[in-house]
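Visitor: I would like a guided tour of this model. Please keep it brisk.

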Amino acid sequence: NAGVTQTPKFRVLKTGQSMTLLCAQDMNHEYMYWYRQDPGMGLRLIHYSVGEGTTAKGEVPDGYNVSRLKKQNFLLGLESAAPSQTSVYFCASRQRYEQYFGPGTRLTVT
Amino acid sequence: AQSVAQPEDQVNVAEGNPLTVKCTYSVSGNPYLFWYVQYPNRGLQFLLKYITGDNLVKGSYGFEAEFNKSQTSFHLKKPSALVSDSALYFCAVRDNTGGFKTIFGAGTRLFVKA
């Protein structure tokens, strides 16, 4: 089992560019999450999904969109990147209690 | 509203000494409580959880945590620290009434000195 994987691992964007971060899990988990991690702020929830075809807003959803067309994949999109979106992005999945995290994507917006 | 507080940004311990990383929480119902560890440039790894039952729960790598309902705390402990325990530790809470969101604390950096 690969667990939770994320692509890409690193990316540098210019302000206004768009990109999609891909999260994939092979554990057949129902719930999937996107977080951003910033120094001193812990993890903040961007969007989440409780099953294939469903998405919901988290704590900091502005500037991001998500899709979950297949159960194993959860995509995070930035339509027009801003410097405030410079962060490390983590995807996670769970079935019942604890979450399983991917290795993260480090995004820099210049 | 749910919240988690980790009052210490950093905890310094000598190798071989016991360690404690503090966590207090606020949740409307009964809590599910978690500890995760993050090593540099890695994702979070699950350490242990409290769901129900015994207040003292044991987890990976010799860590344990004690659930204290009256003090709304869930402190992480280890009897004898290792240099390799140096990492960033996160406490997290989710209410057990069917909530989907887990709230994470800001994290505590543990530094174990040889």
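Visitor: In what order do the elements of chain B run from the N terminus on?

Guide: This is a predicted model, in which local features need pLDDT of at least 70, side-chain atom pairs count only at pLDDT 80 or more, and totals for chains, interfaces and linings use all residues. Residues are numbered from 1 along each chain as its sequence is written, chains are lettered from A and ligands numbered from 1 in the order in which they are written, and side-chain values use heavy atoms, with hydrogens and water left out. Helices (H or I, at least four residues) and strands (E, at least two) are DSSP runs, numbered from the N terminus. Chain B has zero helices and 12 strands, and the order is β-β-β-β-β-β-β-β-β-β-β-β.

Visitor: What is the radius of gyration of chain B?

Guide: The radius is taken over C-alpha atoms, and the globule rule is 2.2 Å times the number of residues to the power 0.38. For 114 residues that rule gives 13 Å, and the chain B value is close to it, so chain B is as compact as a globular protein of that length. The C-alpha trace spans about 45 × 30 × 20 Å along its principal axes. The radius of gyration is 14 Å.

Visitor: What share of the residues of chain B count as buried?

Guide: Buried means under 20% relative accessible area, exposed over 50%, partly exposed in between (1.4 Å probe, protein chains only). Chain B has 114 residues, and the buried share is 44%.

Visitor: How many disulfides does a search of the whole structure find?

Guide: A disulfide is a pair of cysteine sulfur atoms within 2.5 Å. Cys23(A) and Cys91(A) form one, with the sulfur atoms 1.9 Å apart. Another joins Cys23(B) to Cys91(B), S to S 1.9 Å. Over all chains the search finds two.

Visitor: Which parts of chain A does the link of Cys23(A) and Cys91(A) tie together?

Guide: The link is left-handed, with -75° about the S-S bond. Cys23(A) lies in one strand and Cys91(A) in another, so the pair ties together parts that are 68 residues apart in sequence. Both cysteines, Cys23(A) and Cys91(A), are buried. The parts are strand E3 (residues 19-25) and strand E9 (residues 87-94).

Visitor: Where does Cys23(B) lie?

Guide: The link of Cys23(B) and Cys91(B) is left-handed, at -65° about the S-S bond. Its partner Cys91(B) is in strand E10 (residues 87-95) of chain B, 68 residues apart. Cys23(B) is in the loop between strand E3 (19-21) and strand E4 (24-26).

Visitor: How much area do chain A and chain B bury between them?

Guide: Contact means heavy atoms within 4.5 Å, and 22 residues of chain A are in contact with 21 residues of chain B. Buried area is the accessible area (1.4 Å probe) that two parts lose on being put together, summed over both. Carbon and sulfur atoms hold 59% of it, and the total is about 1,600 Å².

Visitor: Which residues in chain A lose the most area to chain B?

Guide: Together they make up 31% of what that side buries. They are Tyr97(A), Glu98(A) and Phe101(A).

Visitor: Is Thr102(B) buried or exposed?

Guide: Thr102(B) lies in the loop between E10 and strand E11 (103-104) of chain B. Leaving aside neighbours within four places in sequence, its contacts include Tyr35(A), Gln99(A) and Ala92(B). At 4% relative accessibility, Thr102(B) counts as buried.

Visitor: What is phi of Asn41(B) near?

Guide: Most residues other than glycine have a negative phi. Asn41(B) lies in the loop between E5 and E6 of chain B and is exposed, with a relative accessible area of 69%. Its phi is positive, near 60°.

Visitor: Which residues does a cis peptide bond join?

Guide: Most peptide bonds are trans. Here omega is about -5°. Pro8(A) sits in the loop between strand E1 (4-7) and strand E2 (10-13) of chain A. The bond joins Thr7(A) and Pro8(A).
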